[in-house]
Amino acid sequence: MATERNSIYHLFTKFFSNTSFVAEEDHRMIGFLLGFISQDNPKEAYIHLLCVHPRFRGYGIASKLLKEFIENVKRKNIRRISLITKPINKRAISFYKKHGFKDYKGPETKKIGDVNVFKGYNGEGEDMVLFEKFVK
Ligand SMILES: CC(C)(COP(=O)(O)OP(=O)(O)OC[C@H]1O[C@@H](n2cnc3c(N)ncnc32)[C@H](O)[C@@H]1OP(=O)(O)O)[C@@H](O)C(=O)NCCC(=O)NCCS
């Protein structure tokens, strides 16, 4: 059984419910967004995971979850939203770009295809794309 100790998701539903959302159909969960506001910088928010059930993808569900999240954190005066995704995750990359997120470019990144990849972000060999969006 998933408990607070072995599943981080419980922590989101219990302690970050203002920034975590669920999409349902017929009382069944078909998508979710888990996010939080930084404790270190109260002007920053982070999306830990956004996921839609494969059967329900392409219908705008993730877009609605993201819109809800953005509207909510804007009301809390958040200025920057960030997240990471794997360079092979083309769907997610296209999704976040479509929603105005920019792939971070800096001395640690290398352009691979049409995306800037942060080398070794998650440790050796674990490259990631770091997305950020500045909101007012
Ligand atoms: C990424 C994900 C959340 C998108 O969910 P969704 O509900 O299908 O997304 P929406 O319908 O709201 O948005 C569609 C947009 O996403 C992108 N997208 C979705 N499916 C795509 C595909 N197969 N290929 C390319 N782009 C795709 C496009 O930009 C698309 O816009 P368009 O319809 O104008 O072309 C979903 O594919 C998913 O759950 N993936 C697995 C988990 C994951 O990778 N999460 C993101 C990392 S945190």
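Is K97 buried, partly exposed or exposed? Select K97, which lies in helix 3, and check: with 31% relative accessibility, K97 counts as partly exposed. Here, buried means under 20% relative accessible area, exposed means over 50%, and partly exposed is what falls in between, using a 1.4 Å probe and protein chains only. Helices (H or I, at least four residues) and strands (E, at least two) are DSSP runs, numbered from the N terminus.

Before moving on, a word about what is on your screen. This is a predicted model, in which local features need pLDDT of at least 70 and side-chain atom pairs count only at pLDDT 80 or more, while totals for chains, interfaces and linings use all residues. Residues are numbered from 1 along each chain as its sequence is written, and side-chain values use heavy atoms, with hydrogens and water left out.

**Stop 1: helix 3**

K97 and S38 are 59 residues apart along the chain, and their C-alpha atoms are separated by 23 Å. Now show all of helix 3 (90-98). Its buried residues are A92, I93, F95 and Y96. Looking down the axis of helix 3, you'll find these buried residues within an arc of 165°, so they line one face of the helix.

**Stop 2: helix 2**

Next, select 61-75, which is helix 2. Helix 2 has 15 residues and spans 22 Å from its first C-alpha to its last, close to the 21 Å expected at 1.5 Å a residue. That expected span is 1.5 Å times one less than the number of residues.

Color I61, A62, L65, L66, F69, I70, N72 and V73: these are the buried residues of helix 2. Seen down the axis of helix 2, they fall within an arc of 170°, so they line one face of the helix. A handy rule goes with this view: an α-helix has 3.6 residues a turn, so residues three or four places apart point the same way.

On the other side of helix 2, K64, K67 and R75 are exposed. Click on K67: its relative accessibility is 54%, so K67 counts as exposed. Then draw a line from K67 to S82: they are 15 residues apart in sequence and 14 Å apart in space, C-alpha to C-alpha.

**Stop 3: the largest pocket**

Where does the largest pocket lie? Domain 1 (1-78) and domain 2 (84-136) both give residues to its lining, so the largest pocket lies between them. The domain bounds come from an automatic or database domain assignment.

The volume of the largest pocket is about 760 Å³. To find its centre, select L50, C51, N89, A92 and Y96, the closest to it of the 28 lining residues. On a 1 Å grid over the protein atoms alone, a pocket is an open set of points where a 1.4 Å probe fits, with protein on both sides within 12 Å along at least five of seven lines; lining residues have an atom within 4 Å of a point. Grid points are joined across faces, edges and corners, and the volume is the space filled by probe spheres set on the points.

Strand 3 (44-52), helix 2, strand 4 (80-85) and helix 3 each supply at least two residues of this lining. Strand 3 gives the most, with seven residues. By class, the lining has 17 nonpolar, seven polar and four charged residues. Nonpolar covers Ala, Val, Leu, Ile, Met, Phe, Trp, Tyr, Cys and Pro; charged covers Asp, Glu, Lys and Arg; the others, Gly among them, are polar.

**Stop 4: two loops**

Finish with H27, in the loop between strand 1 (20-25) and strand 2 (28-37). H27 is exposed, with a relative accessible area of 76%, and its phi is near 65°, a positive value in a residue other than glycine. Then jump to N77, in the loop between helix 2 and strand 4, where phi is also positive, near 65°.

Technical notes:
Arc of directions from axis to C-beta.
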